[in-house]
Number of protein chains: 4
Amino acid sequence: MKIALLLLLGITTLGMAHPPSKPRGRDIGIPFNGTPGKFNAITDVPGVLVGYTTRIEGQGVWKVGVGPIRTGVTVVMPTGKTAKNYPAGYFIFNGDGELTGIPPIHDYGIGFGPIGITNTNSVGIVRDAIGAWCYQKFATKNYLDFSFGLPIVGETWDGVLNDINGLHIQKEHVFSALDKAASGPIQEGNVGGGTGMVCYAFKGGTGTASRVITIGNKSYTVGVLVQANFGRRPDLLVAGMPVGQEITDLMPIINEKDGSIIAIVGTDVPLVSSQLNLVAKRVTMGIARTGTYGTNSSGDIFLAFSTQDVEPDPITKITTYKSIGKANLDVVFKATVEATEEAIINALVAAETMEGINNHKVYALPHDRLRDILKKYNRLQK
Amino acid sequence: MKIALLLLLGITTLGMAHPPSKPRGRDIGIPFNGTPGKFNAITDVPGVLVGYTTRIEGQGVWKVGVGPIRTGVTVVMPTGKTAKNYPAGYFIFNGDGELTGIPPIHDYGIGFGPIGITNTNSVGIVRDAIGAWCYQKFATKNYLDFSFGLPIVGETWDGVLNDINGLHIQKEHVFSALDKAASGPIQEGNVGGGTGMVCYAFKGGTGTASRVITIGNKSYTVGVLVQANFGRRPDLLVAGMPVGQEITDLMPIINEKDGSIIAIVGTDVPLVSSQLNLVAKRVTMGIARTGTYGTNSSGDIFLAFSTQDVEPDPITKITTYKSIGKANLDVVFKATVEATEEAIINALVAAETMEGINNHKVYALPHDRLRDILKKYNRLQK
Amino acid sequence: MKIALLLLLGITTLGMAHPPSKPRGRDIGIPFNGTPGKFNAITDVPGVLVGYTTRIEGQGVWKVGVGPIRTGVTVVMPTGKTAKNYPAGYFIFNGDGELTGIPPIHDYGIGFGPIGITNTNSVGIVRDAIGAWCYQKFATKNYLDFSFGLPIVGETWDGVLNDINGLHIQKEHVFSALDKAASGPIQEGNVGGGTGMVCYAFKGGTGTASRVITIGNKSYTVGVLVQANFGRRPDLLVAGMPVGQEITDLMPIINEKDGSIIAIVGTDVPLVSSQLNLVAKRVTMGIARTGTYGTNSSGDIFLAFSTQDVEPDPITKITTYKSIGKANLDVVFKATVEATEEAIINALVAAETMEGINNHKVYALPHDRLRDILKKYNRLQK
Amino acid sequence: MKIALLLLLGITTLGMAHPPSKPRGRDIGIPFNGTPGKFNAITDVPGVLVGYTTRIEGQGVWKVGVGPIRTGVTVVMPTGKTAKNYPAGYFIFNGDGELTGIPPIHDYGIGFGPIGITNTNSVGIVRDAIGAWCYQKFATKNYLDFSFGLPIVGETWDGVLNDINGLHIQKEHVFSALDKAASGPIQEGNVGGGTGMVCYAFKGGTGTASRVITIGNKSYTVGVLVQANFGRRPDLLVAGMPVGQEITDLMPIINEKDGSIIAIVGTDVPLVSSQLNLVAKRVTMGIARTGTYGTNSSGDIFLAFSTQDVEPDPITKITTYKSIGKANLDVVFKATVEATEEAIINALVAAETMEGINNHKVYALPHDRLRDILKKYNRLQK
């Protein structure tokens, strides 16, 4: 019904980041630990912006290059619309996917520019478009200009619903997501790169969550954004409950599809890249709590960044990094695991039933039945 | 003779691998997925042997070098008492620990000889003793003899209960565990390297489990053995239930101790080292299901091996590896996650309350209360 | 049509792979160890194809989006124009660069499809174009079609000579290189992705070399192709001689430019991915012999593949890999080091003086002076 | 003759660190780039101590457990005899060897305590002895005492000359090396862990070198210490000259022995662990300049540390790291490559002809013939 409306309008929603009015995981009584930030979103981390372009166009018979189109692009900007570097780390839990821009993070521990997430076959154009956008914003007149950078772009595969080989993401869709990226509350479910994704054989997509933590005498935020396109139905756990074994109907046409998840973890906790690699590894545990076991054909790749400033002193050439002592990493790890689990569940809760190519239909996780299951297992939060 | 002397002084159990008569996780109604092998143990994998030496001696006031002693050594022999190489992979989820023998596995994907697990401060002596034992068994007369190998030894830290700085593991304890290593059912809980370990602020230690899987037209086994010494009480989940938040008493003197877990995954599925690295990564997900988030000060290191033969042909110099096609790895991954979770719970279920140095007491997980909690959450298996 | 237009405006050479008539390193008396294959090229490895598109258009004043253009794209096809997977490994010696397609190689050790090399800012379009070409060639009618793959594309930065921010590589340039890729002798120097590159402050670019080796009772080939864009003049060694300290003139406008090198190693030696990772690491040693020390701002990324077949048996689901025994890897390592060094020197020897944007001029390594230096140091080969 | 004397005395030299009176690489006219520190040794880095125990005992027929003994232990103390942590990085170029203590460096980027180097079969005892020594020095009364640490110990294999399976390194040899460790000039060649090593089929062993560099407005030192036990004669290059092809006599009984190299890089340049990983990688290039190609059966493992202080602030829990900006890493990389090459050559130049088990004889690199070769190739430095 909402879908139908969108289809009639042939909507391409560029860069929207409006407040969600839909219930989220917590609203329907799923018990989660920890204290979320104001918007329970990665944008709770000061300075972090998120932008989307969503393309939901056409319906019915699949014709490569025409549609139906069910895809988009998500951008996360760690240092806003600036040319500042940021410390970054990553972890490849399952390598059947892509994340461009890995080598500089691996060796130099530094990220630059916006992070994109899209469908598998559009990684290249999103990568080049981010570079072109950065060049447009930040270029010097010098021919030794590196403002194009080595853009960071991840992906998951939306070919069950979307005409993925039709390559429907263009440069202007990326520019729009970047231009309109904003702080504040963000949409979840069928938006941005997550538009056409499937998770545990329910409609998946984009999800987010955050945690507020205290280290020493100061408060910090850890935020996670996921593009969730993974998991098989029987494995789905919600708050430890075997939801996937309770809801065995509402299956899409493909019930053994593998998939992927991209997770971005951002924080204002001062961390160096080796520590951010550890944070990225913890995402694995958040995912595990939703029941999957990391199937092949899945690209489960996680990026973590800290928003601390890393410019070297012009005289000494020395950068002064701040870094939480080892013993205090635990609250960051815990926040990462919790927010990852919640972001995935939020994606499932927010995503709405969608019809795609050849009328493939993927159903939303039904809120009422989820609530019933939580009740059955005495886990419904008041 | 020295051994006999030790036996007089206390309980030094050398290399015992007797059938357990105690209830295990499944026996008390915890729901686990999948089909275990005959003994639900790593020894279900054909050819794999396990041996223990357990030292439980002295009590009361702690005196470094004297005791009380609550420690031991565990050995896992992937290819029995032979000098055969085996394909191996590993994953360091949390690097605050030790696993010797990593570099050859990292680069050449090949393991050689028995794998040891002990307490942190005895890694060196166990390593050298395994090498000496291999030399004794396998040495040629040639001075270019490498039968000593590059032994693989992991550890967790038992200083809460054991006089760890007293260095109570000697060469003969290692030799005994190796000599008496056997197939069949194996002990769990306060045995071998796991003797003095603590897990989720309950008594932890050694645990094991296995899964029987089918690939193509053949049946295979995946077995896991863990030395579990990790986790904080409030985080403990059993079958997704917040057991750690339900049982808040029975706390040891140290309630915020961090810890570690070593996991060994063995299988007769023909896998190459790159695939075994993936299997080792999946252990993370099995651990995550028990509730931890991978704290600092923890060495969470996982080794995986396949028992396939890897000797090169003498003429062509070519080794013929067999390797499950990518799409069929999923059942191995799933078995690894499931058996890891169950092995940890088995360690908790088997371990008995122990008093160590200065009468520190660590309590066993009470079976009856665990059963009550499962019942409360409607998760008790009949 | 668009291509024809481009040809009218300048020299856009699509997919040419003609025999070089120019002298190569060996021809001018540089001493190299080992026995090269028939063409002393990566194409000596049976089944391996190479294709280029070279764009050299316009001259004089630099105008972004217009030119001058000095760039191109190189493709290497490990299994020819087929959809066969191949075992692959990689090594990031210096991570200030990009190689897409790393995660599947890291985790699954398998590559698929052609490998592209281009300029830094065109990685995305080359990646998507390779995917589109594969889809066009190999697509099934099934919507679960993954023939687009996760294309492997590397890069070096040609902004000293080329209007790199003008983004002059288009999809048709990539398609042309792919369509015309061939076996046999291949061009070196200012061709393909190497067109506008600079090496040790001389004109650099594309270079290749190969070695024939014997293992057991059989002969094999190891081939290397490099895109050489790295090194500072004073550091240049040729056959161990300090050539960079002997030729201090012929400097380009930028004498402290950093750079990068992409190296592709191919072989018909049966190797598994963990072994190919080791082969890729050895590239570092070949590069070191030319004098550099791996500066920052350099993306030194190496990919290695074996052409052995890796399809699983349909019944057992088992792939039978062949793999050279550990002790016989040495000849492969030696061949890789030697062929890498020679491929770099070949790139320097083949590249011709070029003028690019704003009339920046980068000089060819003068053959006569190189010969004089070899003579001075008693190293000239007859 | 000197050997004979030592043999008569059955000398076990504990912890000596006397000034060398022998010529070093530079003294005999080998051209090296860069400016060494005062002692051209790793001990030029302020605060770094080195200690040796050397065991040269017995001669003639080999009897396991008796001798002849040609081995020892080397210790490097990054922060002197203190319990301070230090940032550390590492690189495994060739994994057929051992370096204990890798996981904490991999994940937390922090080293603690002395670094040991010994023979392959004595790694365990050296590891435990370093731990015991640290416990003795630094232990608190608390049972949560981790002063034993996770000691870092590397090795190379000296079984050609030494009764390696006789296990002749004992705890007291390690303690002595630690107790007597000192700053100032250090011995090279047949000392410490390097005592019985073979390099390019000449006598190898311990070598060191350093470089003084300037970054921003300040002077720093990079020092390298190697235990060199690698390489085949025909491959030996000295300053780029094919010395191994010029000296084909003076071969030991085993002319195709593989081997290993451990390299320790220390510096007072403020670096974080990710940067130290990059420094460790550059060691590869220094080794490559001596001609090897990284054979199998070799453990080529490199550790790098910075002496900067890394204690967190007690209130904020934040550590302030200093880190050289990316662009200024190049001088550190260059110094590392140069000092590694020179340290290896210094080991070869310092090592004296040695007879070991069964009168195996390994010859020293003859200084006069080396000088002649340099002259022949017009490379002799005045």
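This is a predicted model: local features need pLDDT of at least 70, side-chain atom pairs count only at pLDDT 80 or more; totals for chains, interfaces and linings use all residues.
Three helices and strands of chain B, namely β4 (85-95), α2 (102-108) and α3 (123-138), each supply at least two residues of the side of chain B that touches chain D. The largest share of that side, 7 residues, comes from α3(B). Sorted by class, the residues of the side of chain B that touches chain D divide into 25 nonpolar, 17 polar and 9 charged. Although charged residues are present on this side, the count of salt bridges between chain B and chain D is 0.

## Extent and symmetry of the B–D interface

The size of an interface is often given as the accessible area lost when the parts come together. For chain B and chain D the buried area is about 3700 Å², with 61% of it on carbon and sulfur atoms. Three residues, B:Pro103, B:Tyr108 and B:Tyr143, supply 18% of the area that chain B buries against chain D, which is more than any other three residues give. In terms of contacts, 51 residues of chain B meet 50 residues of chain D.

Chain B is superposed on chain D by a rotation of 180 degrees with 0.0 Å of shift along the axis, and the RMSD of this superposition is 0.0 Å. Of the residues of chain B, B:Gly124 comes closest to the rotation axis, with its C-alpha at 1.7 Å. The same surface serves both copies, given that 98% of the contact residues of chain B recur in chain D.

## The C–D interface: area and symmetry

Chain D also touches chain C, where 38 residues of chain C are in contact with 38 residues of chain D. The area buried between chain C and chain D is about 3100 Å², and carbon and sulfur atoms give 51% of this area. C:Met285, C:Tyr293 and C:Asn296 together supply 22% of the area that chain C buries against chain D, more than any other three residues.

Chain C can be laid on chain D by a turn of 180 degrees and a shift of 0.0 Å along the axis, with an RMSD of 0.0 Å. The two copies are therefore related as by a two-fold rotation axis. In chain C, the C-alpha nearest this axis belongs to C:Gly240, at 1.9 Å from it. Here, too, the same surface serves both copies, with 100% of the contact residues of chain C recurring in chain D.

## The C–D interface: polar and charged pairs

The count of salt bridges between chain C and chain D is 6. C:Asp235 forms a salt bridge with D:Lys334, in which the closest N and O atoms are 2.9 Å apart. Across the interface of chain C and chain D, 24 residue pairs are in polar contact, with both residues at pLDDT 80 or more.

On the side of chain C that touches chain D, β4 (85-95), α6 (273-288) and α7 (329-350) of chain C each supply at least two residues, and the largest share, 6 residues, comes from α6(C). By class, the side of chain C that touches chain D has 14 nonpolar, 12 polar and 12 charged residues.

## Fold and dimensions of chain A

Chain A contains 8 helices and 16 strands. The C-alpha trace of chain A spans about 65 × 50 × 35 Å along its principal axes. With 382 residues, a compact globule would have a radius of gyration near 21 Å, and the 20 Å of chain A therefore agrees with that expectation.

## Local backbone features

Most residues other than glycine have a negative phi, and most peptide bonds are trans. Against that background, a few positions deserve a look when the backbone is inspected. The peptide bond from A:Gly67 to A:Pro68 is cis, with omega near 0 degrees, and A:Pro68 lies in the loop between β2 (49-57) and β3 (69-77) of chain A. In chain C, the peptide bond from C:Gly67 to C:Pro68 is cis, with omega near -5 degrees, and C:Pro68 is found in the loop between β2 (49-57) and β3 (69-77) of chain C.

B:Lys317 has a positive phi of about 65 degrees although this residue is not a glycine. The place of B:Lys317 is in the loop between β13 (299-306) and β14 (318-324) of chain B.

Definitions and conventions:
Residues are numbered from 1 along each chain as its sequence is written. Chains are lettered from A and ligands numbered from 1 in the order in which they are written. Side-chain values use heavy atoms; hydrogens and water are left out. Copies are superposed by least squares on the C-alpha atoms of residues with pLDDT of at least 70 in both. Contact means heavy atoms within 4.5 Å. Buried area is the accessible area (1.4 Å probe) that two parts lose on being put together, summed over both. A salt bridge is a side-chain nitrogen of Lys or Arg within 4 Å of a carboxyl oxygen of Asp or Glu. A polar contact is a pair of N or O atoms within 3.5 Å; within protein, one must be able to donate a hydrogen and the other to accept it, and residues adjacent in sequence count only if both atoms are side-chain atoms. Helices (H or I, at least four residues) and strands (E, at least two) are DSSP runs, numbered from the N terminus. Ala, Val, Leu, Ile, Met, Phe, Trp, Tyr, Cys and Pro count as nonpolar, Asp, Glu, Lys and Arg as charged, and the others, Gly among them, as polar. The radius of gyration is taken over C-alpha atoms; the globule rule is 2.2 Å times the number of residues to the power 0.38.
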